[in-house]
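This report covers selected side-chain and strand features of one protein model. The sequence and structure come first, and the notes follow.

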Amino acid sequence: MSKILRLLNTVKYLKFIQIYYRIFYFLRAKIRKITGFEYKLSKQSNALKLTLQDSIKGISSFNGFEFEILNLKHDFKGDIDWNFSDFGKLWTYNFNYFEFLDKKDDIWTIYDFIEKLPLAKDGLESFPISLRGINWIKFLTKHYINGKKIDDSLYAQYYILLENLEYHLLGNHLLENGFSLIFGGYYFKDTALKESGEKILYKELDEQILADGAHFELSPMYHQLMLFRLLDVINLVQNNSDNDKFLKFLREKAVLMLGYLKAITYKNGDIPMLNDSTSGVAPMSNELFLYAKNLGFDEIKPCELTSGYKKIDKGRYECILDITDVRASYIAGHTHADTFGFEIYIDSKPFIVDCGISTYENNTRRTYEKSTISHNTVEINSHSSSEVWGSFRLADRARVVDSKIGDDFISATHNGYKKFGVLHTRSWEFTEQKIVIKDSLSKSIKAISRLHFHPNVAKDEIGKFVDLKDKDCQIKEYEYALGYNKLQSAFVLEIYFTKELEVEIAV
């Protein structure tokens with residue numbers, strides 16, 4: 001019964017269009033399996049020569065037949081298996097994006113992929129097609145490559161994408177589809193691809209980019225990724241089109257997103273690891289700012305954060321905290337149970353940190369990284385404030401029911417523990433020398449407040465920064481995510497209380 005209730009509490013947030021396309025794609029696949037339908041993997045094309053300014057180099061790389069992706073290496077020893085899945089679906093997806101393309105001689109990997117395309121599994125899903133399309137077109141354009149076999153294969157892939165747009169997911173997935181369709185439309189001078197892409201971007205950018213410029217899934221990493229793709233499309237449109245209306249729209253959204261990224265980025269260039277965020281996936285903020293400058297954007301000014309994250313900058317230290325509800329309610333897969341979590345940087349160095357993420361696999365590590373236990377907030381009765389489950393599911397979720405914001409004071413209350421009849425109120429007071437955090441529960445109950453320290457903070461230093469006098473507490477080890485598939489041991493302070501707690505952090 002509890003599983004059924006959890007499922008209902010997940011599905012009830014979906015849009016009708018998501019449910020419709022899930023059913024439609026499921027039934028269509030069943031019918032096509034019976035009829036023996038197969039997509040054509042080559043389509044007569046007439047590609048254009050485009051003009052593109054230099055973009056940002058991908059993070060994945062390879063040497064010979066050894067590929068390094070998401071901090072994991074694999075040597076195919078002379079025969080690439082594009083369906084390789086030993087490292088999980090995310091690794092396979094990234095492998096099929098072709099972000100490792102660099103030198104002109106790398107073209108042999110594209111021909112190898114095309115030769116084995118009839119055997120492709122994950123590689124013919126919409127998301128990999130979208131990113132691969134952009135990366136192939138950027139690579140072919142950069143090196144002035146005219147390859148009829150490549151063009152015909154890519155054109156066919158774009159029509160597979162056009163038939164399988166990710167309306168069942170929406171969010172960043174549909175945005176990626178739209179960005180890529182614009183690239184395909186311009187490269188092949190195909191009105192259907194171009195108009196479909198423009199339709200998606202007009203609607204989705206209006207919905208997904210909030211008033212302060214934040215991407216509505218509120219993952220700083222995905223914000224960087226969506227901004228990167230948006231800048232690539234601006235690069236394409238302003239160098240190959242006279243569509244001033246569309247370009248104006250794209251640039252206005254980019255200005256908003258750049259202002260938000262400027263505001264949320266720490267002084268040393270890091271982003272907060274809130275929700276699904278980690279290092280080594282998206283371009284760094286400074287790379288994006290430079291790319292924008294090269295595309296003619298003026299000096300980027302930070303916006304005022306209004307979408308739910310707050311940033312306090314006291315010169316010597318910066319603190320970013322989360323007092324927001326789920327904004328992308330119908331695609332909350334990248335959301336964590338981290339209400340009232342926060343991070344602190346001192347002298348531009350990470351001090352109290354979010355654990356980050358290291359995997360998307362449906363396993364205990366993924367559950368841990370999304371749960372309240374891995375964030376700097378209060379856990380009650382060993383339950384999370386929002387019900388995370390699976391790799392990308394969120395059922396019952398915390399809502400902020402009250403908040404007060406002053407110059408050096410923030411207070412908020414959430415109802416994520418209403419199942420226990422408890423409201424959690426947390427306040428922060430900021431001075432030049434310390435941060436005072438007060439937690440108040442509406443009734444006495446078993447609770448734990450956690451502070452996760454960066455690996456560079458030694459165990460014996462914690463007591464110098466946090467006043468532990470008269471506290472029932474314990475310092476334990478935890479695994480901090482340096483990136484996907486990359487963990488490092490660090491320390492977490494657990495403080496046990498039942499009703500009220502006050503913690504002073506010297507900065």
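## Surroundings of Asn-275

Leaving aside neighbours within four places in sequence, Asn-275 is in contact with Glu-217, Leu-218, Ser-219, Tyr-309, His-334, Thr-335, His-336, Asp-338 and Ile-357. The model is a predicted one. Asn-275 belongs to the loop between α10 (244-264) and α11 (285-294).

## Lys-434 and strand β14

Lys-434 is found in strand β14, which covers residues 434-441. Which residues does Lys-434 touch, not counting those up to four places away in sequence? They are Tyr-317, Glu-429, Glu-504, Ile-505, Ala-506 and Val-507. With Glu-504 there is a polar contact between the two side chains, at 3.5 Å. Val-507 is 73 residues from Lys-434 in sequence, yet the C-alpha to C-alpha distance is 5.2 Å. Lys-434 has a relative accessibility of 31% and therefore counts as partly exposed.

## The β16-β17 hairpin

Strand β16 (residues 472-483) and strand β17 (residues 486-497) run antiparallel and are joined by eleven bridges. The two strands form a hairpin with two residues between them. Gly-483 stands opposite Lys-486 in β17. In the turn, Asn-485 has a positive phi of about 60°.

## Aromatic rings and charges

A pair of aromatic rings is described by the distance of the centres and the angle of the planes. How many aromatic pairs does the model hold? The count comes to 48 aromatic pairs. Among them are the rings of Tyr-20 and Tyr-21, which have their centres 5.2 Å apart and their planes at 85°, so this pair is edge-to-face. The angle that counts as edge-to-face is over 60 degrees. Tyr-20 is partly exposed, with a relative accessibility of 42%. Tyr-21, at 21%, counts as partly exposed too.

| Charged residue | Ring | Distance from ring centre |
|---|---|---|
| Arg-32 | Phe-37 | 4.0 Å |
| Lys-43 | Tyr-159 | 4.7 Å |

## Cysteines

A disulfide is a covalent bond between the sulfur atoms of two cysteines. How many disulfides does the structure hold? The number is zero. Cys-319 is in no disulfide, and the nearest cysteine sulfur, that of Cys-355, is 16 Å away. Cys-355 is likewise in no disulfide, and the nearest cysteine sulfur to Cys-355 is that of Cys-319, at 16 Å. A disulfide needs the two sulfur atoms within 2.5 Å.

Cys-319 is buried, with a relative accessible area of 0%. Cys-355 also counts as buried, because its relative accessibility is 0%.

Definitions and conventions:
Residues numbered from 1 in each chain as written. Predicted model: local features only at pLDDT ≥ 70, side-chain atom pairs only at ≥ 80, totals over all residues. Heavy atoms only, no water. Phe/Tyr/Trp six-rings, centres within 6.5 Å; stacked < 30°, edge-to-face > 60°. Buried < 20%, exposed > 50% of the residue type's maximum accessible area, 1.4 Å probe, protein only. Lys NZ or Arg CZ within 6 Å of the ring centre and 35° of its normal. Helix = DSSP H or I, 4+ residues; strand = E, 2+ residues; numbered from the N terminus. Contact = heavy atoms within 4.5 Å. Pairing = 2+ DSSP bridges. Polar contact = N/O pair within 3.5 Å; in protein donor to acceptor, adjacent residues only side chain to side chain.
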